[in-house]
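Open the model in your viewer and keep the selection panel at hand. This tour goes stop by stop, with something to pick at each one.

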Amino acid sequence: MFNRFILLSLFIATLFSCTKDDNSIQKDYSRGTFIVNEGLFNSGTGTITYLNDDEQIDDIFELQNPGLVLGNIAQSMIFHDNKYFIAVNNSAKIVVVNAVDFKYIGEIPVNLPRYFVNSNGKLYVTSWSSDFTSGFINLIDTKTLTISKSTAIQGLAEKMLSKDNNVYITVTASEWDPLNHHVVVYDTQKEVLTGTIEAGDNTNDLALDKNGDIWLLCSGFTNYTDPGLSTDGSIHKIVNNKVAFSKKLPNGCQKLVVNNNKSELYYLNGSSVIELNITKPDEDSKAVYSGLFYNLAIHPVNDNFYLLNAKDFQQKGELTILNKDFKQVKNVTTGIIPAFVYFNN
Amino acid sequence: MIRYLTLVCILIYVTQAELKGQVWLDTIEIKGIKPFYGLTIQPDKQYNDSIYAHITQFLRDINGSQVQISTPGGLTTLLHRGFGNRHLPVLWQGLNIQNTLNGSYDLSLIPGFLFDNINFYSTGNPSLSGTNGLAGALTINNNTFRHTQSEIYIKSSSLQNYDAGLMYAGSKNKWHYKAGIQSGYHSNRFNYLYNLKKYNRHSTDLLQNNIVVNTGYRVRENQTLQADIWWQYADRIIPVSITSSASTKQHQKDNNFRSALSYKYYTQHSVWNASAVYSREYLHFEAPAVDSKAKTNVYFFNAGWTNINRPLYINFQHRMDVSNSNFYTQRQERNTSSVSILKPIAWSDAFQTDISFRQDITDKIFMPFSWTLSAQFKSLQWIFARNYSLPGLNDLYWPTGGNPDLKTEKAFKSEIKYTWDFKFLEVKSAIYANLVDNWIQWIPFRNDLWTPVNQKKVCSRGMELSAKTAFNITKSRIILQADYAFNRTTAIEHYYDPKLKNKQLIYVPVHKTQFSALFKKSIFDLGLEYQFTGIRYDAPDETGKLTAVHMLNFKSSLWLDSHSWQLQIFNLLQQDYYWVRFYPMPGLNAELTYKYHF
């Protein structure tokens, strides 16, 4: 009699139990390609577009976390410790989600976070001060979701590249900043800045080639008040922390990537994608594809090019995927202002 | 012929205040001519500060308009029939006070209390209101020689906004004068929901002061002098979106000084008029990594002649804008001379026509010829017009990206209005179609650099209906009104991205409607108003949209001798809504105003 009563009670309970209004998709997001879309500056939210083979899921963060938005200007993301860390620049935070189901775990408050790097099992993020005069390299405690150490850098710390026990950091700077043409070197064992490498104006991006040498792209200074005072960009090869090669480039070159062979470098110059062979850097730059792109990336498995087009920065953007021969494979509609591609394969 | 040409060279600028009906100046009767827009064009909406507590309420009430409040730049702007704020001339003493640099003036800065003659024209007379007159016109003036009461008011709202004002009006011997001051502090504090949590928003921190002086002097029986001064100061935080970090600070100061002196000379057959206007505008905007200061001086001269017996208006204007801004590489200047003519023709009592022309020369270049043809036959009115819009100085001279080869926007406008007047019901209708080619839009040409281009051809077409009825019940009066506006504003040609053709322009609602009911007794009234604004797209490809807004508001007024009180309660349905995504608007809030007339 009592057992029947319990069974009946359980049955009734299931009729009235709460069901979550949840449209999230049960799936494993620990592998795939992620497009980080900035969203409208000041009046929008960043979004993440998920791609895997032929599958596309838009706004994966909002889909998996109903009622939540990422925040203003999603800048970049990285995988670490079974979580994804998403830098949301203008919201002054890093949003942390579970890598499998993309569910919200927590946030790390940090002013104007920019880009991440994994180095020797540790996770770092660059960030800026709110008055845009200085930057920081921050060590993240991925268990407690806090910043365990923050080291100040003069100028605006941007991209990072890990090699051996060092992290190399570019510094976006103006002509009045003291570190206006340097890469900063940070020791990840001692957690201190160990020096600088002087190169060209306004260091922008870094890549590592098959010889273990570092390539540094510099944009040059753009003087928005008097364009005649803008300076040239440049590209440099850094060997054993010394500049071994330098070449001038037009002002405005940015976003440096290397193919999977680590023999060819690619960057954006105006409305062209430029190729540079590491063994023949002196040769004239070769434009391999044309179009006004906001960023580019190379797939770590198939060497496909991923070119992000923000269009008019108000409507949804577009991802163009090219094969190794620069033939169009696919066009994908992204969120507003696609800014960063992350491959987690 | 020479005498005629000489006469043409002596031109008159006619203001509407001077030519209403018949004007008596001592013993001389001047047969008046209707407002300067001619015989056929009347204001579509007039500001009345016993109805509206501030200018944004008045603008929101305009059928076919969309007021954007708390925009990312902090401005309150008006989209009228799909056209932008920079397409609406805001005329003070005939001078368009829209910012010469970016074409936009923050309409919330207009102190409605200090002006007794604010009018909105849905089409107006573009060839007389000047360049940039593509979305109608808003005129701000004082009726100098008309007696008005002095008044004091104070206002307080649950959003922690406070305002006070004093307007003193009088006359003595040959003098008429009005002097007023208005001051306000707006906090705009309210709660909102974001990411499933409740937050408190302190949006603005705005301190605003205005001083207006308007004086008139009858020099002789047929001559008048008028002087006007308007000083305006605003200091505020520009709100950021709720998705942005609270530590992001944006701050703006506006400091504007405007002055005008005008002279009129009346004869039995004509009116001669000359005026000079000076305006100094200073805008200082600060944000992280931005510190821009813009100083603009505007010099404006008018001379005109009106033939009263055989109606004809001839007008000459010259305007010089001089901008010294810290983001320009050098001082920027623009000179525009204009000649305009208006010929009203009264074919009969029931049928009247106005035809007007304007030719501008800007920096020694002939601008597109502008004309307006309007006619009224009993209750039917139609207007056709061609006009153009000059690019702003920022469009032309911004150091990186400014485009000196930018073409002017060119517009063709048409509107037909009809009014049905039944015994207990008045119904007004309007259909319109407006075309703008070479629409200017900033687009990126490098990841960090933008430039304005002539991007598209835009067509705005739509319909507006307004029905009003009033009836008495014993000693009470009930007034019911319903408005509806339908608008489609799309790019019919897009020179840069054909996929954006036929998409509704952002923030322009397709449907908008309003119902109001007012119950009036002798000393008090009670009103209820429902406003519906349909969905608005906030992405040019229509992939992002803002949900429809249902706004229910309550109003009550009480008059006792020289005292009056007005209570308004907004958003009775406590809607969460945005005019711009992630800029939340207040929920339920109330405002109380007290006025004393003397």
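Two strands count as paired if DSSP finds at least two bridges between them. Keep in mind throughout that this is a predicted model.

**Stop 1: a hairpin in chain B**

Strand E13 (residues 189-194) and strand E14 (residues 197-202) of chain B are antiparallel, with 6 bridges between them. Look across from B:Asn191: its bridge partner in E14(B) is B:Asn200. Now go to the turn. E13(B) and E14(B) make a hairpin with 2 residues between them. One turn residue, B:Asn195, has a positive phi of about 50°.

Next, show side chains on E13(B). In a regular strand, side chains alternate between the two faces of the sheet. Which residues of E13(B) form its covered face? They are B:Phe190, B:Tyr192 and B:Tyr194. The uncovered face has B:Arg189, B:Asn191 and B:Leu193.

**Stop 2: a strand with two partners listed**

Select strand E10 of chain B, residues 151-157. On its covered face are B:Glu151, B:Tyr153, B:Lys155 and B:Ser157. B:Ile152, B:Ile154 and B:Ser156 make up the uncovered face.

B:Tyr153 faces B:Gly165 in E11(B). E10(B) and E11(B) also form a hairpin, here with 3 residues between them. In that turn, B:Gln160 has a positive phi of about 65°.

Pick B:Ser157 and find its bridge partner in E38(B), B:Glu591.

**Stop 3: an open sheet in chain A**

Move to chain A. An open sheet of 4 strands runs in the order E12-E13-E14-E15, with antiparallel pairing. Which strands stand at the edges? They are E12 (156-163) and E15 (192-198) of chain A. Each has a single partner strand, so one side of each lacks a neighbour in the sheet. From one strand to the next, the twist averages 30°.

Zoom in on E12(A) and strand E13 (residues 166-172) of chain A. These two run antiparallel and share 6 bridges. For a landmark, pick A:Ala157; its bridge partner in E13(A) is A:Val171.

**Stop 4**

Centre on B:Leu138. Beyond its neighbours within four places in sequence, its contacts include B:Phe58, B:Leu59, B:Ile110, B:Ile118 and B:Phe120. B:Leu88, B:Pro89, B:Val90 and B:Leu91 are also among them.

**Stop 5: where the chains meet**

Colour by chain. The contact takes 38 residues from chain A and 40 residues from chain B. About 3000 Å² is buried between them, and carbon and sulfur atoms give 52% of that area. How many salt bridges does the rule find across this interface? It finds 1. Select B:Lys499 and A:Glu318: they form a salt bridge, with the closest N and O atoms 3.9 Å apart.

**Stop 6**

Over all chains, the structure holds 23 salt bridges. Begin with A:Glu107 and A:Lys93, whose side chains meet at 3.3 Å, N to O. A:Glu107 sits in strand E7 (residues 104-109) and A:Lys93 in strand E6 (residues 93-98) of chain A, 14 residues apart. Buried or partly exposed? A:Glu107 counts as partly exposed, at 34% relative accessibility. A:Lys93 is buried, with a relative accessible area of 8%.

Go to B:Asp254 and B:Arg236, a salt bridge with closest N and O atoms 3.2 Å apart. B:Asp254 is in strand E17 (residues 251-266) and B:Arg236 in strand E16 (residues 223-237) of chain B, so the pair ties together parts 18 residues apart in sequence. Both B:Asp254 and B:Arg236 are buried.

B:Asp360 and B:Arg358 form another salt bridge, at 3.0 Å between the closest N and O atoms. B:Asp360 is buried, as is B:Arg358.

Finish in chain A. Select A:Asp81, A:Lys83 and A:Lys143, which a network of salt bridges links.

Conventions: Residues are numbered from 1 along each chain as its sequence is written. Chains are lettered from A and ligands numbered from 1 in the order in which they are written. This is a predicted model: local features need pLDDT of at least 70, side-chain atom pairs count only at pLDDT 80 or more; totals for chains, interfaces and linings use all residues. Side-chain values use heavy atoms; hydrogens and water are left out. Contact means heavy atoms within 4.5 Å. Axes are lines fitted to C-alpha atoms, for helices over the stretch in contact, and angles run from 0 to 180 degrees between N-to-C directions. Buried means under 20% relative accessible area, exposed over 50%, partly exposed in between (1.4 Å probe, protein chains only). Buried area is the accessible area (1.4 Å probe) that two parts lose on being put together, summed over both. A salt bridge is a side-chain nitrogen of Lys or Arg within 4 Å of a carboxyl oxygen of Asp or Glu.
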